[in-house]
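Colleague: I am new to reading protein models. Could you take me through one, feature by feature?

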Amino acid sequence: MKHTEQSQLTKQTLSTALKKLMETKPLSRITISEIVESCGLNRKTFYYHFEDIYALLKWTLDQEAIAQFDKFDLVTQHTEAISFTLDYISANHSMLKNIVHSIGRSELSRFFYNDIYQPVYRLMCTCAENRGLSVGEDYRAFLSKFLTEAVAGTLMECIERESLSDRGVLTRWITVTLTASITASLEEAARRSLK
């Protein structure tokens with residue numbers, strides 16, 4: 001087995017151990033010793049791959065959610081991307097709720113924000129280009145930030161709920177609102193020559 005494959009396997013083992021521990025214990029009370037003991041590794045191995053538990057947590061979320069979300073083209077697959085995200089929240093609800101209670105809503109929201117911004121920005125730029133709209137970069141950045149905050153806030157609300165039984169409805173609402181808001185905002189900004 002190549003070194004990179006072994007490294008990936010070790011990271012996944014640590015990630016699985018962390019998630020299992022989070023089923024019964026708050027993240028803030030989980031120790032590195034517990035993680036490595038539960039999967040038969042040692043502290044040195046942990047620190048070779050991760051700086052701390054939060055780095056392991058970020059890697060876990062990156063691998064399971066963000067890397068997958070990033071594979072979607074929001075221009076043509078926005079419904080699928082939103083549906084995937086809501087499915088991930090539903091499948092990992094207790095873990096995500098644990099994270100919110102341990103590191104706080106604003107920290108997890110910031111994590112979502114950082115990873116949602118670029119796809120929303122690309123969607124907005126494609127929409128402007130497809131419609132031949134001339135809108136300044138400052139307004140494009142503002143609109144992307146504004147809509148990203150709205151989406152991140154909605155996802156945080158989903159995590160804080162007890163269940164997500166209305167995922168299909170919510171997917172349609174987010175999709176319609178996001179695409180309609182971008183189109184209408186860009187058209188109005190171009191009409192008013194906002195830079």
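This is a predicted model: local features need pLDDT of at least 70, side-chain atom pairs count only at pLDDT 80 or more; totals for chains, interfaces and linings use all residues.

Colleague: What percentage of the residues count as buried?

Modeller: Buried means under 20% relative accessible area, exposed over 50%, and partly exposed in between (1.4 Å probe, protein chains only). Of the 195 residues in the protein chain, 44% are buried.

Colleague: Which residues have the most contacts inside the largest nonpolar core?

Modeller: In soluble globular proteins, nonpolar side chains tend to be buried together. A nonpolar core is a set of buried Ala, Val, Leu, Ile, Met, Phe, Trp, Tyr and Cys residues joined through side-chain atoms within 4.5 Å. The largest one here has 61 residues. Leu18, Ile35, Phe46, Leu61, Leu108 and Leu186 have the most contacts inside it. Helix 7 gives the most to this core, with 13 residues.

Colleague: What is Phe46 in contact with, beyond its neighbours within four places in sequence?

Modeller: Contact means heavy atoms within 4.5 Å. Phe46 meets Leu14, Ile32, Ile35, Val36, Asp52, Ile53 and Leu56.

Colleague: How far does helix 1 reach from its first C-alpha to its last?

Modeller: The expected span of a helix is 1.5 Å times one less than its number of residues. Helix 1 has 20 residues and reaches 29 Å, close to the expected 28 Å. Its buried residues are Ser7, Thr10, Lys11, Leu14, Ser15, Ala17, Leu18, Leu21 and Met22. They cover an arc of only 160° around the axis, so they lie on the same side of helix 1. The arc is that of the directions from the helix axis to the C-beta atoms. The cover over these buried residues includes helix 2, helix 3, helix 4 and helix 6.

Colleague: Which residues of helix 2 are buried?

Modeller: Ile32, Ile35 and Val36 are buried there. Their arc is only 90° around the axis, which puts them on the same side of helix 2. The buried residues of helix 2 pack against helix 1, helix 3 and helix 4. Gly40 follows helix 2, with a positive phi near 75°.

Colleague: Where is Ser102, and what does it touch?

Modeller: Ser102 sits in helix 6. It counts as buried, at 19% relative accessibility. Leaving out residues up to four places away in sequence, Ser102 touches Pro26, Leu27 and Ser28.

Colleague: How many disulfides are there?

Modeller: A disulfide is a pair of cysteine sulfur atoms within 2.5 Å. By that rule, the count is zero. The sulfur of Cys125 lies 9.9 Å from the closest cysteine sulfur, in Cys127, which is too far for a bond. Cys125 is buried, with a relative accessible area of 17%. Cys158 is buried too, at 0%.

Notes: Residues are numbered from 1 along each chain as its sequence is written. Side-chain values use heavy atoms; hydrogens and water are left out. Helices (H or I, at least four residues) and strands (E, at least two) are DSSP runs, numbered from the N terminus.
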